[in-house]
Amino acid sequence: MSFENLANDPFFLSGLELLNDVDNKKFVRLVDRMIQDFEPNRLSSFSELELASMEKSLKLNNNQCQCLLNCLNQLLKEVISDVTKPLVLKNVLSTIFSLNGRKVELFSECWSTNAEQVVSRLQQNFTHSYRLKDVNWALNISSNVGIELSDPEPRCLIELKVEDSQYNEPKVKEVILDLSEGELKKLYDTLETIKVKLDSLSD
């Protein structure tokens, strides 16, 4: 999801309104904590006790608190996945999301302080777990089972051989992707986006 798509998400915008009303000192502590603890597949790193304390401190009910945290989590996913530069981030926060001026500055400062460490940690976590060793592919023609005279559906089989380095002796695993033409195009577009991002970092 892009920044523009987030700006059209009513639930995200509701969380943004709540963020705008948070005291600046509490805002910094919250953003700083969420950036440092960020994991792409986890919604929150807060315990139930911490959430209860947060609700009391920010004077929010449970639904409002979850809405605020979800908003921040979605925003951080975009910022971290794009490795957004601070100046670009300021423009996004102020023009697309209409975050108030002081919070734009505070959020950007938190990101600038933690960006290198967080991106490095996430990259290490990924490459430490699996390393791509080989790729094989083949085209497979299949038919819709149970429907006579249906047109065969072309599919692409991709075999990824990945090395799991979490063991003393690395183990090679095989991951099979069975993709339709649409799914293959989505994968291709995603890889192209990643390549563009990598190229921009090396410029």
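Predicted model: local features only at pLDDT ≥ 70, side-chain atom pairs only at ≥ 80, totals over all residues.

The chain has 203 residues, and 32% of them count as buried. Its secondary structure comes to eight helices and three strands. Along the sequence, the order is α-α-α-α-α-α-α-β-β-β-α.

Now to helix H2, which covers residues 10-20. Which of its residues are buried? They are Phe12, Gly15, Leu16, Leu18 and Leu19. These residues lie on the same side of H2, because they cover an arc of only 160° around the axis. Some background on that: an α-helix has 3.6 residues a turn, so residues three or four places apart point the same way. On the face of H2 turned away from the buried side, we find the exposed residues Pro10 and Glu17. The N-terminal end of H2 is capped by Asp9, with a side-chain oxygen 3.0 Å from the backbone nitrogen of Phe11.

Next, the rings. The structure holds two aromatic pairs. In the pair of Phe3 and Phe97, the ring centres are 6.2 Å apart and the planes stand at 75°, so this pair is edge-to-face. Phe3 sits in helix H1, residues 3-6, while Phe97 is in the loop between helix H6 (86-96) and helix H7 (101-129). Phe3 and Phe97 are both buried.

The other pair is Phe12 with Phe97, and it is tilted, at 5.2 Å centre to centre and 55° between the planes. This pair also links distant parts of the chain, since Phe12 in helix H2 and Phe97 in the loop between H6 and H7 are 85 residues apart. Taken together, the ring pairs link Phe3, Phe12 and Phe97 into a cluster.

On to charges. A search of the whole structure finds seven salt bridges, and I will show some of them. In the bridge between Arg33 and Asp37, the closest N and O atoms are 2.5 Å apart. Arg33 is partly exposed, at 25% relative accessibility, and Asp37 is partly exposed as well, at 27%.

Glu183 and Arg155 also meet in a salt bridge, at 3.6 Å from N to O. Here Glu183 is in helix H8 and Arg155 in strand S2, residues 153-164, so far as the sequence goes 28 residues apart.

Asp189 and Lys185 form another bridge, with the closest N and O atoms 2.9 Å apart. The two are four residues apart in helix H8, which means about one helical turn separates them. Asp189 is partly exposed at 34%, and Lys185 is exposed at 53%. Salt bridges with shared partners also join Arg33, Asp37 and Glu50 into one network.

Last, the surface. Leu191, Ile194 and Leu198 make a nonpolar surface patch of about 290 Å². Leu198 belongs to helix H8, residues 181-202, and counts as exposed at 52% relative accessibility. The C-alpha atom of Ile194 is 9.1 Å from that of Asp82, although 112 residues separate them along the chain. Asp82 is in helix H5, residues 62-82, and is partly exposed at 27% relative accessibility.

Conventions:
Residues numbered from 1 in each chain as written. Heavy atoms only, no water. Patch = residues over 30% accessible without salt bridge, like charges linked within 9 Å, V, L, I, M, F, W, Y side chains within 5 Å. Areas by Shrake-Rupley, 256 points an atom, 1.4 Å probe, with all protein chains shown as cover. Salt bridge = Lys/Arg side-chain N within 4 Å of Asp/Glu carboxyl O. Buried < 20%, exposed > 50% of the residue type's maximum accessible area, 1.4 Å probe, protein only. Arc of directions from axis to C-beta. Polar contact = N/O pair within 3.5 Å; in protein donor to acceptor, adjacent residues only side chain to side chain. Phe/Tyr/Trp six-rings, centres within 6.5 Å; stacked < 30°, edge-to-face > 60°.
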